[in-house]
Amino acid sequence: MAPYSLLCLLLFLILLFLGKRWTNKSFMAPRLRLGTFPVIVDGPFGVVSAAELIGMFLFLVFILWAAYSYAIANFELLLTYGDLTLQESRLRMLQMTVYRFGSMALSIIAFLFLPVARGSILLRIVDIPFEHATKYHAWLGHLTMFLLTLHALGYMLVWIIRGELLASILEWKSDTGANFAGFISYAFGLLMWMTTLPPVKKRCFELFFYTHQLYILFIFFFALHVGDILFSKAMGGIILFMLDRFLRFFQSRRTVNIISTMVFPCGTMKLVFSKPRNLQYNALNFIFLRVREISWLQWHPFSVSSSPLDGECHLSILVKAVGSWTSMLKENISNAVSVESHEKIPFSACSRISASLEGPYGHELPYYLRYKNLILVAGGSGISPFLAIVSDIFHRIKSENPHCQTNILIVWAVKKSNEISLLSEFDGIIPHFSDKLNIEIQTFITREPEPLLESAEVLKVTNSSGFSSSKDGSMSILVGSGNKIWSGVYFFASSVGFIICFSILEACYIQPFDILSWWYKGLLFVACMVVSVFVFGGVVVGMWYYWGKKASSDVKTQNDRERIDDKVVTMDITSEALASLSTFRYGCRPDFKEIFERMSKRWSGVDIGVIVCGPASLESSVARETRSQIFERSFSSHDSIFHFNSHSFEF
């Protein structure tokens, strides 16, 4: 625990006092960056950057080095056993080898939970957002289960040869590991791993999601199996995850008011939520949404579609009705809007949508401000975060920030023309850009060979007035990626609490009563972790909550005055503003090679940020072309350098 505490203390100080602010820096000369250089595009790992590939290589070197060190140690240990028969020597060597596999798995479990701690300081300091870190969790999970499988099968093979399989499996030792607890833990881990396989996960996502909640039992029986000393090697990452999960639980309990709703012709909904003024977020952040009327357990991630500069007391998202959960949400909202518009009764009286939010999560800083020029590639509702980016840049230009983008190209691929109505979100922004920012929108309607709408047709967007689920229904400020000081106090109070609890337990119970059982000491160790998070961390969370409540009450009157206009929004897709900036192409897909080459000639000698938000196939196509352009052009000082960034989210 001590190394994690010291490391996190250092990282908090860096984040608090020495954090970089790209908004205050000039654009740098174009250069290749390992983190935005896609090396592997197609394969089981998805898009892998050069930095990620180096990290994978170093981690593999660590695994191989550990295997080599353990092999040497096994040979040296075998020599101490004296004269053994050939068969017994082989069995001893096999047993020691599979034991080392378990030790290696234990080392990996120390890292396994770090990527899924959404507000982790370790992720924030290197600016790796949670939506990207989940793939690292998946990679580590596969490796963990591979090693644990070798560990379990190896021991079973030894026991079969010795004729003691059943007795050894059911054995619950006190002086060494509890075998039966280990097999229970492995069974839960295997069940979780099986649901992560692509065929199962794609067809039965809810099975994957609910099965993954078994991680609690996996960790519990794992601690009983290895005991307190070995479990302490992995506890740093686990307790960070526990702290994050505990904080998320308190944040998600609050019901958040929906200020307004908007339904577009394509079925996409815009939801605007109330938030406290002191809750900060970035244009590329995302939130998790739960609606109790649909499910008490399901949380769905959505990118934020508003800029933090749009308004200090609200936050908006776009939700496309493509699955059962989102379709039910659209039906609930549409029914409520219909009742409100026809029966003329308050919205809250006819229907109540109990929305709860977690987040916002994501990048610590708006990294898109690094680049002088941007290419934003979206697929369908993937346009949502780019609405936030354009709005954010617009507000920065209004404030005369000298370090803002000068050129933006938006490449948007949609299936049908009714999705064009989402461009109405640019309606209040585009006219102001003409003299300070060059913006171009290329829209590709892939499944329609020609326009199906009359040129003068107006796409109407239904908009409802806001409604409240509670009197004080703004988002909670209890979020790990929020206030840096409170986050630091929360972590260190829990760390100190664990040290106090375990020290008291060691001095007053374990040593006086000569407690030696591995599994029992592992149970006590887990109990100390739980107490440190729930009691010591809970005190800080309570203080944090009341501090936030007091801070929010100071600006409550301003928060109440900030509302979204209630009106019916119309958009003419042939309006002069859009016509001058937009190009609509039917029956084809974007030709990224042509687009990138044209932009490279037009924007020569600069860094070009490429951000993609859409399905995996779109992400792979953009990454492949980015890699090709880097290989062809990065050796000339006059050529532009493309930098690949993905905003796609996938569990």
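Leaving aside its neighbours within four places in sequence, Gln 298 is in contact with Glu 206, Tyr 210, Leu 289, Arg 290 and Trp 325, where contact means heavy atoms within 4.5 Å. The structure is a predicted model, in which local features need pLDDT of at least 70 and side-chain atom pairs count only at pLDDT 80 or more, while totals for chains, interfaces and linings use all residues. Residues are numbered from 1 along each chain as its sequence is written, and side-chain values use heavy atoms, with hydrogens and water left out.

Gln 298 lies in the loop between β5 and β6; helices (H or I, at least four residues) and strands (E, at least two) are DSSP runs, numbered from the N terminus. With a relative accessible area of 13%, Gln 298 is buried, a class that covers values under 20%, whereas exposed means over 50% and partly exposed lies in between (1.4 Å probe, protein chains only). The side chain of Gln 298 is joined to that of Glu 206 by a polar contact of 2.9 Å, and a polar contact of 3.0 Å is made with the side chain of His 300. A polar contact is a pair of N or O atoms within 3.5 Å; within protein, one must be able to donate a hydrogen and the other to accept it, and residues adjacent in sequence count only if both atoms are side-chain atoms.

The strands that flank this loop, β5 and β6, belong to an open sheet of three strands, which has the order β6-β5-β8 and antiparallel pairing. Its edge strands are β6 (300-303) and β8 (355-361), each of which pairs on one side only. Neighbouring strands of this sheet are turned by 30° against each other on average, direction ignored; here axes are lines fitted to C-alpha atoms, for helices over the stretch in contact, and angles run from 0 to 180 degrees between N-to-C directions. Two strands pair if DSSP finds at least two bridges between them, and strand β5 (residues 286-291) pairs with β8 in the antiparallel sense over five bridges. Phe 288 stands opposite Glu 358 in β8, and the charged end of Arg 118 sits over the ring of Phe 288, 3.8 Å from its centre. Such a placement requires NZ of Lys or CZ of Arg within 6 Å of the ring centre and within 35 degrees of the ring normal. In another case, the charged end of Lys 201 sits over the ring of Phe 208, 4.9 Å from its centre.

Strand β9 (residues 373-379) is largely enclosed by the rest of the structure, because seven of its seven residues are buried. In a regular strand the side chains alternate between the two faces of the sheet. In β9, Asn 373, Ile 375, Val 377 and Gly 379 point one way and Leu 374, Leu 376 and Ala 378 the other way, and all are buried. Seven bridges join β9 to strand β10 (residues 407-414), with the two running parallel, and the bridge partner of Leu 376 in β10 is Ile 410. Strand β9 is also joined by six bridges to strand β15 (residues 607-613), again in parallel, and there Asn 373 has Ile 608 as its bridge partner.

Aromatic rings form 39 pairs in the structure; rings of Phe, Tyr and Trp (its six-membered ring) pair if their centres lie within 6.5 Å, and planes under 30 degrees apart count as stacked, over 60 as edge-to-face and the rest as tilted. The pair of Trp 486 and Trp 547 is tilted, because the ring centres are 6.0 Å apart and the planes stand at 50°. This pair links distant parts of the chain, with Trp 486 in helix α15 (residues 484-510) and Trp 547 in helix α16 (residues 518-553), 61 residues apart. Trp 486 counts as buried at 15% relative accessibility, whereas Trp 547, with a relative accessible area of 35%, is partly exposed. The rings of Tyr 509 and Tyr 520 have centres 6.3 Å apart and planes at 70°, so the pair is edge-to-face.
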